[in-house]
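Here are a few notes to go with the model, written as numbered points. Have it open while you read.

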Amino acid sequence: MTKEKERKMFVGIVWNCAAELKFILTAILFLFSLMTILQFMPIRFSTTCISVPSFDSVSVSISAINASTALPPPLENGVIKRAFNPFGSAAYNFILMSAYRGGINTFAVVGLASKPLHVYGKPSYVCQWIPNTNMHKPINVTGTKILPDWGYGRVYTVLVVNCTFPIPVRDGGKLLIHATTNGGGDSEFNSTDTFLALTESERDFTNFISTFNKPPKYDFLYCGSSLYGNLSPQRVREWLAFHVRLFGVKSHFVIHDAGGVHEGVMAVLKPWIEKGYVTLEDIRDQERFDGYYHNQFLIVNDCLHKYRFQAKWMFFFDVDEFIFVPKKSTIKSVVDSLSDYTQFTIEQMPMSNKLCLEEDRGKSYRKWGFEKLVYKDVKRGIRRDRKYAVQPRNVIATGVHMSQNTVGKTTHKTEGRIKYFHYHGTIAEHREPCRQLVNATTITVDQIPYEVDSTMRDIAGTVKRFELKMIGSTLQKTRQ
């Protein structure tokens with residue numbers, strides 16, 4: 001009887017709660033059905049349930065949203081058509097560094113451009129001059145593009161756009177560049193980027209004409225490549241004192257800091273900056289853009305056009321290289337003998353960066369680098385890099401080892417008149433360079449024959465006295 005009563009009680013409870021049970025069972029059935037359906041739905045649909053954070057540095061395009069919620073690929077005559085959705089940009093169309101007037105009707109625009117665009121595409125440039133006065137109408141001309149880095153570029157290549165108008169453009173104005181991809185990168189689009197390259201006031205134009213017509217301010221101007229790394233203050237000290245003496249009072253040195261001018265190097269440059277011999281330019285921002293060797297081709301082209309009308313001769317070489325002319329000559333007499341040429345190249349004398357004379361044992365630390373490193377590499381049959389000098393008014397664009405864009409002649413036959421000693425691997429060396437002392441005039445090390453050349457050693461004393469005369473003893477305690 002007890003079991004019978006319990007059964008009747010259970011049936012009664014179920015009967016009285018039938019509505020609530022129906023609701024619960026229906027809800028459970030709905031949830032299981034929804035879970036089953038979600039397993040067969042595309043993953044991209046589920047992204048609507050994901051919360052995406054917003055960042056100031058990230059912009060989400062409408063096309064990206066459309067692509068993420070796109071329908072399955074459509075069928076055309078039984079063939080699945082696939083879509084390709086581009087996002088962002090692989091490289092900038094153009095990165096402007098500078099623009100300079102080069103004459104009454106010509107300008108040079110210097111910058112970086114996408115290397116793949118130039119290697120595989122055919123980009124073009126239109127130069128537009130907008131005068132400051134309404135008396136003259138804007139004028140357009142097709143720009144001539146020059147790629148002076150010999151194909152060494154990486155993501156970016158160096159580009160100089162020459163804008164030469166058919167008539168004089170005077171009294172100031174604005175120079176615009178219209179850079180067109182012509183389908184490079186995406187054949188469906190012919191995009192054009194327009195940017196302001198130069199703004200010139202009437203006074204700027206007047207100053208240019210004055211500089212253009214009068215004799216250059218400097219006889220010699222040094223355009224330095226990008227300085228980077230942990231440079232030795234002592235080696236920079238030696239190089240600068242040597243070349244200020246060589247080039248003389250009407251010379252100037254433009255140094256470009258790509259991260260190499262630390263506190264010790266700055267201390268070496270400062271006395272010469274104060275004397276008016278050195279200009280230091282901070283170019284560290286170019287490191288953002290992946291070009292060849294700290295974008296040195298870009299830097300020398302900017303230097304060329306910036307100082308083009310301020311120097312008779314412009315020299316291009318590195319801070320581990322020392323220009324030398326024979327005792328009976330001067331640098332002026334050498335360039336005068338080569339004045340019929342727009343450009344001449346300079347022969348290299350490669351020097352050991354570790355071999356020194358036994359007689360310097362115990363006192364080598366008191367000697368300057370070019371004073372004690374006296375062993376010259378005399379291996380034959382090797383093509384060695386040359387450095388060069390130009391008369392800049394006749395140069396349109398330039399390189400690191402020579403210019404291929406000159407008006408006028410080039411000569412390489414300068415042996416016996418001028419050469420440069422190259423101390424490779426010493427400029428960033430902070431320890432004593434003399435690691436092997438030799439008591440012989442000739443020696444072979446690592447299958448490379450060397451012989452003693454005391455040319456630079458013989459003039460070290462003269463250079464030291466010159467430095468002391470010019471800037472005093474301020475650099476006497478400079479560290480390696």
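**Notes on the model**

1. Start with α6: 14 of its 15 residues are buried, so the helix is largely enclosed by the rest of the structure. Buried here means under 20% relative accessible area, with exposed over 50% and partly exposed in between (1.4 Å probe, protein chains only).

2. Bear in mind that this is a predicted model, where local features need pLDDT of at least 70, side-chain atom pairs count only at pLDDT 80 or more, and totals for chains, interfaces and linings use all residues. Residues are numbered from 1 along each chain as its sequence is written, and side-chain values use heavy atoms, leaving out hydrogens and water.

3. Back to α6, which covers residues 233–247 and reaches 21 Å from first C-alpha to last, close to the 21 Å expected at 1.5 Å a residue. That expected span is 1.5 Å times one less than the number of residues. Helices (H or I, at least four residues) and strands (E, at least two) are DSSP runs, numbered from the N terminus.

4. Next, have a look at N162 in strand β8 (residues 156–164). N162 counts as buried, at 17% relative accessibility. Leaving aside neighbours within four places in sequence, N162 has contacts (heavy atoms within 4.5 Å) that include F107, C127 and I396.

5. Finally, M470 sits in helix α12 (residues 460–471) and is buried at 19% relative accessible area. The C-alpha atoms of M470 and P271 are 9.2 Å apart, although 199 residues separate them along the chain. Beyond neighbours within four places in sequence, M470 is in contact with W272, K275 and Y277.
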